[in-house]
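Hi everyone, thanks for making time for this one. Have a look at the sequence and the structure on the screen, and I'll walk you through a few places in it.

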Amino acid sequence: MKHTILIIDDSAVNINALYVMLKEQYHVVVAKNGKEGIKLASNIPCSLIFLDILMPEMNGFEVLNVLMENPTTKSVPVMFITSLKEDKYEEKGLRLGAVDYITKPFNPSVIKAKVKNHIELFEYRKTIENIAMLDGLTAVPNRRSYNEKIKEYWCKALSTGTKISISIVDIDCFKEYNDNYGHLQGDVVLKRVAQVLKQSLPNKRDFVARYGGEEFVVVLWGYDEKEAYQIMDGMRKNVKALQIEHLHSRADKVVTVSIGGNTLIPNTHEIEKNVDSVDKRLYRAKSLGRNQIVWDDQEQNKGQIEVFLFGRLRLLSRQGTMTPKNEKMSHVLLMLVFLITNRQKEYTKQELVQAIWPYDKIQDENYQLKKLLEDAKEELGVLKLSFLHDLIVMRNGTYHWNTSYMCIVDTELFENLYTQIQNEQEGDNVYRLCERAVELYQGDYLSKVLNIKWVNDLRERYRSMYYEILSTLLSICYAREEYIKIIELSRKVIFLEAFDSRIHYYYLRALIQLKRNKEALEHFEYIEQEYYTVLGITPPESILNLYLEILESSDEQRYGIGQVESLLKETDLAAGAYYCDLHVFKNVYQLCSRRMIQNGETAYLCIINMENKSYLIEPQKIRLMQQLQEMIMSNLCIEDVFCKLSETQYAVLLPCTAYDQAVMMMESIINDFYDFNKLHNVELHFELQPIELAETLSLEHVLIKKKS
């Protein structure tokens, strides 16, 4: 695998020279300014960075300062390559942390040798550091590695407002295990537990390290309280599932672990204070009997409530379940849901009344609210919680849900997953997150509540998020060729949301791939009918384009004139010359040559070539050809046609045009291109010739030929 070298320089000449010199042995990435270079260096694993000093906005010294302060890039070797030859600049660059300082013009053989040496040193240093950061027995990161990693994670969470979870995992009664089974066997247990914890991490960015003795520390990034709790509980169960005999444990007859943990958004730099609180929770888990988790102070002392607002409303505790007693949700439950959903806020009496009775005129608001609160306590009684009396707090004329009790709400978990999906880059992780979100969405938000604005607003918001997540999941499934899964997922919602074209698109695609053409055609006709009769419009182009695919493999060919016309016409407003592929261009050329026989007019075929007078890297070449395409389109008339022949050629068809006019058009395109690209060392030239008339046969000859 090639090492990656990043070049940060605003000079195309320097970039081209280095690219040509290094491309055979290394993967070369280019940034044309400091900000772009910093971003690439943070996201792409580089083995070496070339850095110019004289650049706009940020000079090379400023860029190096940022790279040295970033934990991700601070260890990557940086070589200055500059025209500044004074000793003071070289001293400054080396003092800031650069490994080398090369002045222009440079010697290619020297550059190659230095690059090789610096990359080898970088890889060797990385290997040594990795060894130093691993625990020798368990092969997971050690305490030193954790200390560095937690600082990086904590600072990042502090700046981004992301939740971070820290847990300490302790092997129950490990001293007794060593005393009775021996230290060698104890080492085997440590290794196996460490590997189970590592394998149970749901994401590469999550982290487990040996904290000391029989303790491990786990750091989870971006999960809310319930998700982090479930991940850690999964680890606890996985350790027990090893079924390692421990007859001397006070927790079980096999090896188990106790866990203390916490989830928070950091607001100070006091990492140690948080770790200390986690350690206390671990102590409580052990004192309560081991083989369990204590996640926060409230959970063990006061309990927790789980709230499900998608689909059928439910409030759950460990002792009971509360659901609506009839189809129409009562005002009591509406008040509870409103306060739970907005439990970080306090509401006045008038605001609460407006949320619960938006269209009713309440005569005695104090009496009605007092009655609601009494009824709420009665409804909540089935949860068998000892703290029912203070779940809803009344203070200074305001009402709010008591946030000191742990309340896990499915809509909040769903929103958190949605945010993670938006920020996640790894395809497998996006797939996993989408699956969890889709599973969590069990139906519309408070589906039994009608004509309440705040409910309707949230319902539409969550529904929109759900369909976006589902379409993302379907696209990944399609790429993985999981066509059956696409059909199963789509059928749950496809007739509820008739106008979400993304779901219909992947459903039809899956049917086509599985050769279920009859079903595909029937579903297309259903979509078409819904759009025409309900909205009075044609289905989206993405759906219409699938129609011919269905027909091509279907025994029954059925074309409606409206469908054909929709497929044939341009979807965008016509402007400038018509751009098409070579196949279409060929057909247009042949049609034009036929028409010339009938109308006697002249048409011209033109070829525009772009030649490099110096080396251009591929992205530059692509960009220049795109600019040339724009020049052709804007300079030619609406009836003119052109296509791309190769990486450096365009073909143009000019119907009903005189020679002088054709030459003038080509020269206008070339002049505009040069005006727009004064710095690029490329040359354009064109060839021009009239289109030949189509060769024809008489109808009599055609019939004779067919008979023969």
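Predicted model: local features only at pLDDT ≥ 70, side-chain atom pairs only at ≥ 80, totals over all residues.

Before I point at anything, a word on naming: helices, of at least four residues, and strands, of at least two, are DSSP runs numbered from the N terminus.

Let me give you the overall picture. The protein chain has 708 residues, and 46% of them count as buried. Its secondary structure comes to 26 helices and 22 strands. Among contacts with a separation of 6 or more, 66% are between residues 24 or more positions apart.

Back to Gly161. Its relative accessibility is 40%, so Gly161 counts as partly exposed. Gly161 and Ile265 are 104 residues apart in sequence, yet their C-alpha atoms are 6.0 Å apart in space.

Now the sheet in this part of the chain. It is an open sheet of 5 strands, in the order 7-8-6-9-10, and its pairing is mixed. Which strands are at the edges? They are strand 7 (207–212) and strand 10 (293–294), each pairing on one side only. Strand 10 pairs with strand 9 (residues 257–264) in the parallel sense, over 2 bridges. Within that pairing, Ile259 has Ile293 of strand 10 as its bridge partner.

Two helices lie across this sheet. Helix 6 lies across strands 6, 7, 8 (215–221) and 9, and runs at about 25 degrees to strand 8. Helix 9 lies across strands 6, 8, 9 and 10, at about 165 degrees to strand 9.

In helix 9, which spans residues 225–241, I'd like you to find Arg236. Is Arg236 buried or exposed? At 14% relative accessibility, Arg236 counts as buried. Leaving aside neighbours within four places in sequence, Arg236 is in contact with Val257, Ile259, Asn291, Gln292 and Ile293.

The axes of helix 12 (residues 331–341) and helix 13 (residues 349–356) come within 10 Å and cross at roughly 120 degrees. That angle makes helix 12 oblique to helix 13. The crossing is right-handed. Helix 12 brings His331, Leu334, Met335, Phe338 and Leu339 to the contact, while helix 13 brings Leu352, Ala355 and Ile356. By type, the residues of this contact divide into 7 nonpolar, 1 polar and no charged.

A quick stop at Leu440, which lies in helix 16 (residues 427–440). Not counting residues up to four places away in sequence, Leu440 touches Phe310, Asp410, Leu413, Phe414 and Leu417. Leu440 and Tyr466 are 26 residues apart in sequence, with 9.8 Å from C-alpha to C-alpha.

Last, another open sheet of 5 strands, with mixed pairing and the order 18-20-21-19-22. Strand 18 (578–579) and strand 22 (682–690) stand at its edges with a single partner strand each, so one side of each is left without a neighbour in the sheet. Strand 18 pairs with strand 20 (residues 641–646) in the parallel sense over 2 bridges, and Tyr578 has Val641 of strand 20 as its bridge partner. Helix 25 (residues 659–676) packs on this sheet, touching strand 19 (604–612), strand 21 (649–654) and strand 22. The direction of helix 25 makes about 165 degrees with that of strand 22.

That's my tour, so over to you for questions!

Note on methods: Residues numbered from 1 in each chain as written. Heavy atoms only, no water. Axes fitted to C-alpha atoms, helices over the stretch in contact; angles between N-to-C directions. Parallel < 35°, antiparallel > 145°, perpendicular 65-115°, else oblique. Left-handed = near helix turned anticlockwise from the far one by under 90°. Contact = heavy atoms within 4.5 Å. Nonpolar A, V, L, I, M, F, W, Y, C, P; charged D, E, K, R; others polar. Pairing = 2+ DSSP bridges. Buried < 20%, exposed > 50% of the residue type's maximum accessible area, 1.4 Å probe, protein only.
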